[in-house]
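Please look through the sequence and the model below.

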Amino acid sequence: MSSPYRRILLKLSGEVLMGAQPFGIDPDTVAALAAEVTAAKETGLEVCLVIGGGNIFRGMAGAAKGMDRAQADYMGMLATVMNALAMQNALEQLGVHTRVQSALQMDQVCEPVIRRRAERHLEKGRVVIFAAGVGAPYFTTDSGAALRAAEMRCDALLKGTSVDGVYEADPKTHPEAKRFTTVTYDTVLADNLKVMDASAVALCRDNGIPIIVFSIREKGNLAKVLAGTGVSTRVEAHN
Ligand code: UDP
């Protein structure tokens with residue numbers, strides 16, 4: 001299936017790596033996700049990846065239990081590096097060349113974030129996995145994803161999550177809520193719709209990067225969404 005995009009950033013929330021487990025990394029699920037990424041890459045796309053850490057540790061959860069917020073956030077960032085390494089392993093088992101670049105320097109396990117080097121990796125057909133978000137506490141990997149999508153000049157930010165798009169209200173508590181096909185950045189921000197955090201949405205808006213929210217749990221959906229046929233919500237300037 002062909003795609004209108006040349007280069008994308010795929011953001012996966014940490015939760016999708018858990019599979020049916022309540023916590024952590026399920027290797028079979030990571031392998032299945034890697035297969036989805038591989039199929040997308042094989043269409044000729046350049047792929048940047050950002051993976052969250054919520055399956056292991058979230059700074060806010062630590063802070064809620066009395067931890068220092070910044071310290072807890074650094075732990076969350078370390079969780080994203082573990083997820084990045086798990087995904088690197090799964091992709092390389094499928095024969096896909098990858099590099100992990102971390103916003104927190106960790107020379108023994110991955111490269112630091114160097115934009116020009118990342119550019120070269122993409123040109124050579126490698127998947128670049130950006131870890132540790134923006135490398136600063138009080139941010140999330142959504143902001144990391146928006147930042148890397150902007151600096152790597154990605155044509156779209158695809159947010160693969162457990163729900164199949166953006167709803168006018170939380171579908172878990174409001175089963176009648178409708179899913180948007182398209183929605184503007186400004187509506188998302190004004191109505192506080194649960195897409196990504198506000199700083200990430202604003203960064204995408206200011207740089208004209210469409211956000212496509214879709215369910216990564218459904219097999220084959222990434223390729224369909226890239227081809228414009230899958231179920232998703234597109235966040236852009238006009239609808
Ligand atoms: N985090 C951070 N700065 C960043 C990115 C992540 O402090 O730039 C921390 C933060 O504590 C966050 C955790 O890492 O809760 C895991 O990331 P996130 O919550 O974005 O993961 P996701 O919800 O996507 O699984």
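**The ligand and its surroundings**

A backbone N or O atom of Gly-59 lies 2.8 Å from an oxygen atom of the ligand, a polar contact in the sense of a pair of N or O atoms within 3.5 Å. The protein covers 94% of the 520 Å² of accessible area that the ligand has on its own, with areas taken from the Shrake-Rupley method with a 1.4 Å probe. This is a predicted model, in which local features need pLDDT of at least 70, side-chain atom pairs count only at pLDDT 80 or more, and totals for chains, interfaces and linings use all residues. Residues are numbered from 1 along each chain as its sequence is written, and side-chain values use heavy atoms, with hydrogens and water left out.

At Gly-76, a backbone N or O atom is 3.4 Å from a ligand oxygen.

Around the ligand are 20 residues, each with a heavy atom within 4 Å of it. Gly-14, Asp-73, Val-134, Ala-136 and Thr-141 are the closest. Helix H3 (residues 69–93) gives the most to this shell, with 3 residues; helices are DSSP runs of H or I with at least four residues, and strands are runs of E with at least two, numbered from the N terminus.

Elsewhere, Glu-111 forms a salt bridge with Arg-99, their closest N and O atoms being 3.8 Å apart; the term requires a side-chain nitrogen of Lys or Arg within 4 Å of a carboxyl oxygen of Asp or Glu. Because Glu-111 lies in strand S4 (residues 111–112) and Arg-99 in strand S3 (residues 98–102), the pair ties together parts that are 12 residues apart in sequence.

Methods. A polar contact is a pair of N or O atoms within 3.5 Å; within protein, one must be able to donate a hydrogen and the other to accept it, and residues adjacent in sequence count only if both atoms are side-chain atoms.
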